[in-house]
Amino acid sequence: MLNYNHLRYFWYVAREGHLTRAAAQLNVSQSALSAQLQKLEEQIGHSLFERRGRRLVLTAAGEIALDHADTIFTTGAALLRRLEASGETDRMPLRVGAISTLSRNFQLSLLRPVIGRPDVELILRSGTVLELLAGLEAHRLDVVLVNQVPMRDSATPWTARVLDRQVVSLIGTPARLAGRRDLKTLLATEPLVLPTAASGFRNAIDVLIEKLGCVPTIAAEVDDMAMLRLLARNDAGLAILPSIVVTDELERGHLEEVCPL
């Protein structure tokens, strides 16, 4: 197991770039500090510094170690500040990030089991995929909700799992639909309110329209589910969106679901 005391000594030296100054901060002798660094290098099997004149410069392995040490000790300091500020040790924070285009009704349904639990402090944040994944990688978020699998490589420290599924439907007001249910005719003759390419399922919509041989009239393209819901309610056109977004409107008869796509 990694010796975190040795790692802490390395962290000080890496930030100072000088053994003497780091030893003074740690209140240890320079020889003792050198010995601890040597033990750390032996344990991980890499040299962490190379000497250039009177300064110590990080090697490639040292840069990697410093990156992780920054995260470890910064997180430790944040833990102490949080406990000192709150005085509570029996509540577990759950930090959830969700892309801004994800349905609020869907998020509420998914998170309902932990809402109101006395042992969980729920923290919700929204943003773009890139912003949220950066927060996940830096351990500022515990889980991120997205509607498409993010790109990754061998150095990416996350995995993607299917947590739930949403039905995407063609939806409109009763007045606009007037009892019609023929999908091809509706797509070809009525203006459409569509999600943007960032939604994760827009490509599937475009493929469907192309397969049906339709040339649609696009009234609006929106990257926010709340705005899609508002435009559908105000009869800006037929909307293609997850039906869970407009659950209340469907139940009250303000909107009708033509068919799930």
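I started with Arg21, which forms a salt bridge with Glu16, the closest N and O atoms being 3.2 Å apart. The criterion I used: a side-chain nitrogen of Lys or Arg within 4 Å of a carboxyl oxygen of Asp or Glu. Arg21 is partly exposed at 40% relative accessible area, and Glu16 is partly exposed at 22%. My cut-offs are under 20% for buried, over 50% for exposed and partly exposed in between, with a 1.4 Å probe and protein chains only.

A note on the source: this is a predicted model, where local features need pLDDT of at least 70 and side-chain atom pairs count only at pLDDT 80 or more, while totals for chains, interfaces and linings use all residues. Residues are numbered from 1 along each chain as its sequence is written, and side-chain values use heavy atoms, with hydrogens and water left out.

**Salt bridges, continued.** I searched the whole structure and got 13 salt bridges. Side chains of opposite charge can pair when their charged atoms come close. I checked Arg117 with Asp119 and found the closest N and O atoms 2.6 Å apart. Arg117 is partly exposed at 36%; Asp119 is partly exposed at 30%.

Next I took Arg181 and Glu256, a salt bridge with its closest N and O atoms 2.9 Å apart. Arg181 lies in the loop between helix H7 (174-177) and helix H8 (183-189), and Glu256 in strand S10 (residues 256-260), so the pair ties together parts 75 residues apart in sequence. Helices (H or I, at least four residues) and strands (E, at least two) are DSSP runs, numbered from the N terminus. Arg181 is partly exposed at 39%, and Glu256 is partly exposed at 25%. I also found a network: salt bridges that share partners join Arg176, Arg180, Glu190 and Asp235.

**Backbone.** Asp235, from that network, has a phi near 60 degrees, a positive value in a residue other than glycine. I placed Asp235 in the loop between helix H10 (225-233) and strand S9 (238-242). Its relative accessibility is 28%, so I logged Asp235 as partly exposed. Asn27 also has a positive phi, near 60 degrees. Asn27 lies in the loop between helix H2 (19-26) and helix H3 (30-44), and is exposed at 71%. Most residues other than glycine have a negative phi.

**Surface patch.** Which residues make the nonpolar surface patch of about 370 Å²? I got Met1, Tyr4 and Ile72. Patch members have over 30% relative accessible area and no salt bridge; nonpolar side chains (Val, Leu, Ile, Met, Phe, Trp, Tyr) are joined within 5 Å, like charges within 9 Å. Ile72 sits in helix H4 (residues 60-86) and is partly exposed at 34%.

**Pocket.** I put the volume of the largest pocket at about 970 Å³. A pocket here is an open set of points on a 1 Å grid where a 1.4 Å probe fits, with protein on both sides within 12 Å along at least five of seven lines; lining residues have an atom within 4 Å of a point. I listed 31 lining residues, with Val146, Asn147, Gln148, Arg161 and Asp164 nearest the centre. Helix H5 (104-111), helix H6 (129-137), strand S5 (143-145) and helix H9 (202-212) each give two or more residues to the lining. By class, I logged 22 nonpolar, 5 polar and 4 charged residues.

Key: Grid points are joined across faces, edges and corners, and a volume is the space filled by probe spheres set on the points. Ala, Val, Leu, Ile, Met, Phe, Trp, Tyr, Cys and Pro count as nonpolar, Asp, Glu, Lys and Arg as charged, and the others, Gly among them, as polar. Accessible areas come from the Shrake-Rupley method with a 1.4 Å probe; for residues, only the protein chains shown count as cover.
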